[in-house]
Amino acid sequence: MRKTNLRATAGRQALALLGAGVFAAAPAAAQTAPDGTTPPSSETQPSASQQPAAADPVAKADDDDAIVITGSRIARPDLEGPSPVTTVSAEQFDLTGTVTVETLLNELPQVIPGNTRTSNNQGGEDFSTIDLRGLGPQRTLILVDGERVPASSTTGVVDIGTIPAGLIERVDVVTGGASAVYGSDAMAGVVNFILKDNYEGLEVTSQYSITDHGDGGAFNIQGLLGGNFGDDRGNMTFFASYYTREPIGQGDRDVTRNAGVIYYDYATSQYFVADHLTPTVPGSTVLVASGGSATPPWGFVVNNPQNAFTGLSTNPATAPRFTNVNTDCNPATPPVAAVNGGNLSFNDFGQLTPRFVSGLCAFADRSTGSSRFNFNPLNYLVTPYNRLNLATTARYDINDSIRLKVIANYTDSSQEVNLAPTPAGGSTGLVVPFNSPLIPADLAAALASRPNPTAPFNFDRRFSETGPRIGIYDSKTATLRGTLSGPLAHGFNWDVTGSYGRTDAVATLKNNINRAAVNQGLRGCQNSAGVVNGPGVLPGCVPLDIFGPDTLTPSMVAFVGLDTKETRSFDQARVAGNITGNLVDLPAGPVGIAVGVEARTDRGEIIVDDAQRTGNIIGFNATQNQKGKVNTKEVYGEVRVPILADKPFFHELSIEAGARYSDYSSVGSLFNYKLGAQWSPVDWLKFRGIYNKAARAPSIVELFQNGDQGFPSYVDFCADPPGAPVLSPGLLALCQAQVVQAGGPAGYNFTGFDESNAQVQAFAFGNPGLSEETAKTYTVGAVLTPNLGIGRFSATIDYYNIKIEDLVTTLGSGFYLNACANSLDPNSDACLRIRRDPVTAQVSGIDTSIANQGTLKTSGVDVGINFAVPFSDLGLGLPGRFRVQELLSWLDKYDFNGTDFGGTSGGGIGGTIPEWKSTLTVAYDSSSFTAQVRWNWQSDVEDIAFCNPGDNCAPKLKGLSYFDLSLRKKIGSNFELTGIVQNLFNQKAEKTVAGFFAEGGTDVSYFNPIILGRTLTISGRVKL
């Protein structure tokens, strides 16, 4: 069992290292149906590669048909580039009721969900993110109108919630590396948000959503106002929105209400989640992981095998609750006649009892007498969120040769997380003096039964009296960008862009526990000299009673409670210039080029208060001050050469290339490039391919992180539980030496030793010596647009292959534990990073770091099929049209350091990677009515939480399969009413083995679209 757990930990960490879909490209289609129906949704609109990415009439020069597509800065006559570029239109945002951008984009087959509404305690960012191909959000570059968006934190990741959803014209997604065009971070690809900049009129939209449970209400109101001025030489568009979302608790849904319990079935060779309070078959199953927390609000006393409790069944002070004891919470089994020692706890009356954790007590249900604590109901399933967004786009032709374009955006958001009350347990547990003044009589008698009765003892307890831990993350983001552009001689064009963006955030962390105050209160407010309230004792000190449930009085709570605050800032200043045009005319067309320069400075800083800096908190993880700056200077060039055109078997043949040289103050020089080609043997068939060398420079936090606290899962190599192989002599000697290094006794007895907690305290440090990540990516595919005689049909198929080397990954607790165990040297670097408690020998802390030490390879196929046909083409004499789209993605592999995680789930953000993903959309459109049904489907995935891929050691996670219905009716000429039912047939989430390591006992990130049940949305829009 120990070997299996080690493998499982490694597998989960491998996926977690990367954190921390596609609307398939559709060839051009008519944007207005012949019968005058309303403009089509994204299912029948041209793909992003067939629409101008940042259309600039001034930049068209002498070729009015030339456009710029996402993935290149060269104007070209065609609507397709060699890179697969796909699109989601504003229409789909409307029909799906999307007001938080990540909600819709996470349904794309290319996307693995990042941080979302259900990210209450999964790590990563405090905001919403997009993760292309599951390579990590830091490897997806975010653009607005083709220009880089400043990051929202020192991780280099952008808060997608700052993108004004109601101002989006469309979203373009480029698959594969794009560093040669856009620079660092574009390893998985880019997501380009194209904003409306030519809007005329006024519209106001109001929307409300609620689940069929009657909770989780979400309200959004937004307005859009725009118009031309200066004899139509300019346009200004203003946008404002306010969005608010109510929380839902994990206790509000059956699937997340109770903590999961994991067993192993020898008959099936599989791990499984046991039904709540259901006994398993003795002999054929074994408990692997208990539910909830080992640190309850009533506390438990840790038995030290070197100074054990004795004779508790015969001690008058303890005997009544240590004789004839139901130790397994199962009334069907006979009681144990006498319990004389072991770990101790308290019942609801504050009386000392044995600690009940075996049998059905593993289910953390206090009604059965379990000493474990079910923290799920005290955690959020959906976090509350408030957001105010103000944005404007403006353009003005200063004269016939110069255009000014300005984009300004301001977002003020607040998100709250809610965790169970602060636990002090395991590596953060309390050491209590034997004579602490408020120790109850029965515990005092138990302490006196030890061979050394005056020794201090370890005590774990959750401070429920202070209330849940609440994290409030307030963020203000402002960006301003201005671009001047115009023509040059000989058909060339120029543009210069300057931008500045800044995010200021404040994290307020409430209901932590003051470690120093607790220690002083447990000593009866005595200083080191034994003087009550003497020098060094905190003001207001009161003796603490932590022995049993609800024992802290208001004055005690006031003394130990502690709120902390940290401020975070990140800003980016950027200037860039480009020259584009046609270098020379060839028989097949002009040779297009683009050259440019860019310089930017990224600065980030985190300032924490003294309590966090000194680690004087128990509750939220302590962090350290961070500060760093990275300067970047770049120069790039692109060229597109048409070889043949309008020839037999060569309707078009062209090649393109690009290169970018970058100079980073952190990693030095980088050189990235691309090579691509297109060939159309006939006008309805095109083959395309592109190769990219891409790179990502380390982020500020990866370079300068300064010892932030975390609590990863771990397996202790010194563990020697009953039934496990005896520790080897070398390993035993290593473990004993570590205890001595910690100040403990020589020859520590590790027989029966096991981890007291599934998590270990770890301190993360950055690495200024990091080098860049490098990627080699290529895509090959085909686009088909045959004329079927009715309607419009198109299909795309593209194969992608991405290989990232020198991956910046965490050298986490598991890495150093394994390295130490393999070295057998207590003075090795890995072993010196591991600290043990001198009394209990438990691991009390590990210093972790990061390095360039990973390789990731992923590949697969994306398919898109689009068909739209007016009913008039069918001779039915009916108004409107029928449209259908199938978007399908197949994952060939997702290989991390030689292990293929494709089609598996390890739980948590980015930890579930299906082999197949599909979105099928069927719709009817007329001039006044739209009905749309979307079917999202994903294949089953293998649960690898406790084993390796291919072992099939747990029931598979059922594939997602849910339907969304949208109905929109135009009423009069100025009003639209839209009704949406998400998860139409009320598909249910389920507990999973991997969910044990995530939130709520399930994979809330994977099940996010259905975990709340059915959701109803109503939206009204007035247009003037």
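Okay, let's start with the cysteines: searching the whole structure turns up 5 disulfides, where a disulfide is a pair of cysteine sulfur atoms within 2.5 Å. Before going further, a word on what we're looking at: this is a predicted model, where local features need pLDDT of at least 70, side-chain atom pairs count only at pLDDT 80 or more, and totals for chains, interfaces and linings use all residues. Residues are numbered from 1 along each chain as its sequence is written, and side-chain values use heavy atoms, with hydrogens and water left out.

So how are the bonded cysteines paired, if you number them in sequence order? The pattern for the protein chain is 1-2, 3-4, 5-6, 7-8, 9-10.

Let me take you through three of these links. In the C718 and C735 disulfide, the sulfur atoms sit 1.9 Å apart. The angle about that S-S bond is -105°, and the link of C718 and C735 is left-handed. C718 is in the loop between β33 (706–710) and α11 (729–741), while C735 is in helix α11 itself, so the bond ties together parts that are 17 residues apart in sequence. On naming, helices (H or I, at least four residues) and strands (E, at least two) are DSSP runs, numbered from the N terminus. C718 and C735 are both buried, and by that I mean under 20% relative accessible area, with exposed being over 50% and partly exposed in between (1.4 Å probe, protein chains only).

Next up, C820 and C831, again a disulfide, with the sulfur atoms 1.9 Å apart. Here C820 comes from helix α12 (residues 813–823) and C831 from helix α13 (residues 829–832), 11 residues apart, and the pair links distant parts of the chain. And the handedness? The torsion about the S-S bond of C820 and C831 is about 105°, so this disulfide is right-handed. C820 has 0% relative accessibility and counts as buried; C831 is buried as well, at 1%.

Then there's C947 with C953, where the sulfur atoms of the disulfide are 2.0 Å apart. Their S-S torsion is about -80°, so that one is left-handed. Both C947 and C953 are buried.

As background, most residues other than glycine have a negative phi, and most peptide bonds are trans. Which phi does F649 have? A positive one, about 65°, although F649 is not a glycine. You'll find F649 in the loop between β29 (626–647) and β30 (650–664). With 65% relative accessibility, F649 is exposed.

N983 also has a positive phi, about 60°, and isn't a glycine. N983 belongs to the loop between β47 (975–982) and β48 (1015–1023). Is N983 buried or exposed? Buried, at 1% relative accessibility.

On to the rings. There are 23 aromatic pairs in the structure. To count, rings of Phe, Tyr and Trp (its six-membered ring) need their centres within 6.5 Å; planes under 30 degrees apart are stacked, over 60 edge-to-face, and the rest tilted. One of the pairs is Y924 with F929: the ring centres are 6.5 Å apart and the planes meet at 45°, so we call this pair tilted. Both partners are partly exposed, Y924 with a relative accessible area of 25% and F929 with 30%. There's also an aromatic cluster, made up of Y264, Y266, Y271 and F946.

A charge sits over a ring if NZ of Lys or CZ of Arg is within 6 Å of the ring centre and within 35 degrees of the ring normal. R355 is over the face of F300, at 3.8 Å from the ring centre. R836 is over the face of F717, at 5.4 Å from the centre of that ring.

Last stop, some strands, which pair if DSSP finds at least two bridges between them. Strand β19 (residues 385–397) runs antiparallel to β8 (residues 234–245), and 12 bridges join them. Within that pairing, S241 stands opposite N389 in β19. β19 also pairs with β20 (residues 403–419), again antiparallel, over 13 bridges. There, N386 faces S414 in β20. And how many residues lie between β19 and β20 in the hairpin they form? There are 5.
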